[in-house]
Amino acid sequence: MITPQQPPLETWWELEEFSFVAWTSMICGYARNGQSDEAISLFYLGQSEGKIIMDEVQCLVFVELLGIMIWEKGIKPDEVTFVLIISAYMQTNLNTVNDCRRLFNSLKTVYHTQPTSEHYSSFISVLGHLGLLEEAVETIDKMPFEPTALVWRALLDSCILHKNTMIGK
């Protein structure tokens, strides 16, 4: 589990404003180097600390609520961040498929992000890796758009991993 007191986060976490790119890069670094638990922890830690993430285009995120523009604090993940985090669940030691499912299902409602084929393929990979092939197929069937080759590849890779020729056909 990652905490703000761990290097290299110690100094970075003391800043009042973060670089969104740096936050996503750190998540990517953890996820791609076999430290999926740390990537997931950093994702949730950043959102819970109420820090303001700055990007190069906009200095603060505004949200319109009841016609009034208000400041919204916290780290605002983008589409790439979600692909990284969903993918990290495939390699985590936490075996928290329910957390991954909850995150995926909250993309639209909580994060106001429309899931793309990359999000779906990452989620299908997680389900398939954990042997939940039937749920993976159900998810594909419920997609609001036609599955891309990336989505089908995620399912087929899972079928190969679990030697499931019925679904693979």
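Which pattern does the chain follow, read along the sequence? It is α-β-α-α-β-β-β-α-α-α-α-α-α, with nine helices and four strands; helices (H or I, at least four residues) and strands (E, at least two) are DSSP runs, numbered from the N terminus. This is a predicted model, where local features need pLDDT of at least 70, side-chain atom pairs count only at pLDDT 80 or more, and totals for chains, interfaces and linings use all residues. Residues are numbered from 1 along each chain as its sequence is written, and side-chain values use heavy atoms, with hydrogens and water left out.

**Whole chain.** Colour by burial: of the 169 residues, 41% are buried (under 20% relative accessible area, 1.4 Å probe, protein chains only).

**Helix α6.** Select residues 117-129, the helix that holds His 119. His 119 is buried, with a relative accessible area of 0%. Show its contacts (heavy atoms within 4.5 Å): leaving out residues up to four places away in sequence, His 119 touches Glu 79, Phe 82, Val 83, Ile 86, Phe 104, Leu 107, Thr 113 and Gln 114.

**Second largest pocket.** Now select Ala 31, Arg 32, Ser 36, Val 83, Leu 84, Ser 87, Ala 88, Met 90 and Gln 91, which line this pocket. Two or more lining residues come from each of α2 (20-32) and α4 (79-88), and α4 gives the most, with four. Colour the lining by type to find five nonpolar, three polar and one charged residue (nonpolar: Ala, Val, Leu, Ile, Met, Phe, Trp, Tyr, Cys and Pro; charged: Asp, Glu, Lys and Arg; polar: the others, Gly among them). On a 1 Å grid over the protein atoms alone, a pocket is an open set of points where a 1.4 Å probe fits, with protein on both sides within 12 Å along at least five of seven lines, and lining residues have an atom within 4 Å of a point.

Key: Buried < 20%, exposed > 50% of the residue type's maximum accessible area, 1.4 Å probe, protein only.
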